[in-house]
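Work through the following exercises with the coordinates of this predicted model open, and settle each task for yourself before reading its solution.

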Amino acid sequence: MTGSGLEIHEESKGDVLIVAPSGRMDAVTSDDLERRLLALVAARGARLVVDMRGVEYISSAGLRVLLRLAKKAKEQSGRVVLSSLGPAVRQVFELAGFLALFEVEASRELALARLTDG
Amino acid sequence: MEASQRLLVPGSQEGIRQAAERFDAFSAAHGLSKGEVWPFHVALDETLSNIIGHGLQGRAPGAQIEIELRLHDREIEMLIVDDAPPFNPLEAQQPDTELPLEDRQVGGLGIALVRKLMEVVEYERLGDRNRLRLRRKLMEEL
């Protein structure tokens, strides 16, 4: 994979939107990612699981996208739960203090359960 | 394990993309896995974004950034050189990573990450160029 790109898979479970970015969340991909995620929230609702399993690494540009996404969801009385952080992503979250900012679950299923159980 | 490579990329968003791709090629050529090298990708992304977003902003197109990669034993050093105005990231203010979401400033986080991820971060201004040296051991894969 030459891989400066990022793909976003999306699906719905009830009124919860699941998005799964795959690739790198960095300065190269962040503008496009932010545009697409905010458009999804506007069109399909603000209760989201972001499944991070496919994210190879994340830099501050990617962290900023997640921050803006969470703020946007909150404005629309929604909520974002992250799931399945790989070791690289988890370590950057720890160093940046982001584990305290986000709801994080070990798996997509647990994240979904957290959103559906209230 | 010993190798080095010198890259020249444009001082633009495109340059960040090229640097990431060429770092991929460098690590693949020496059998390094993504799990071992991701901190260098993050550091490269942060450093180049800073140089391009701040240092080189408003400059005529054609500015270039020079990157020297050196692999020695189980360690990689990256020397990143640009001719933007002097900027020492070691003197940049650290963001408060304890604040709640609403109060969080998004700037400064990139440099803080570089400092936390790398074992060595050295800055010098030599002539009219900024030279940032970043080094650490390869990441242990879990």
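**Exercise 1.** Determine whether A:S84 is buried or exposed, and then describe its backbone and its place in the chain.

Solution. Begin with the neighbour count: A:S84 has 22 C-beta neighbours inside 10 Å. Burial requires 20 or more other C-beta atoms within that distance, and A:S84 is therefore buried. Next, turn to the backbone, where A:S84 shows a positive phi of about 60 degrees although it is not a glycine. Most residues other than glycine have a negative phi. Finally, locate the residue: A:S84 sits in the loop that lies between β5 (79-83) and α3 (87-96) of chain A.

**Exercise 2.** Compare the radius of gyration of chain A with that of a compact globule, and describe the fold order and contacts of the chain.

Solution. For 118 residues, a compact globule would have a radius of gyration near 13 Å, and the 13 Å of chain A agrees with this. The C-alpha trace of chain A spans about 35 × 25 × 25 Å along its principal axes. Chain A contains four helices and six strands, which follow the order β-β-α-β-β-α-β-α-β-α from the N terminus. Of the contacts in chain A with a separation of 6 or more, 71% join residues 24 or more positions apart, while buried residues make up 45% of the chain.

Methods. Residues numbered from 1 in each chain as written. Chains lettered and ligands numbered in written order. Predicted model: local features only at pLDDT ≥ 70, side-chain atom pairs only at ≥ 80, totals over all residues. Helix = DSSP H or I, 4+ residues; strand = E, 2+ residues; numbered from the N terminus. Rg over C-alpha atoms; globule rule 2.2 N^0.38 Å. Buried ≥ 20, exposed ≤ 12 C-beta atoms within 10 Å, placed from the backbone. Contact = placed C-beta atoms within 7 Å.
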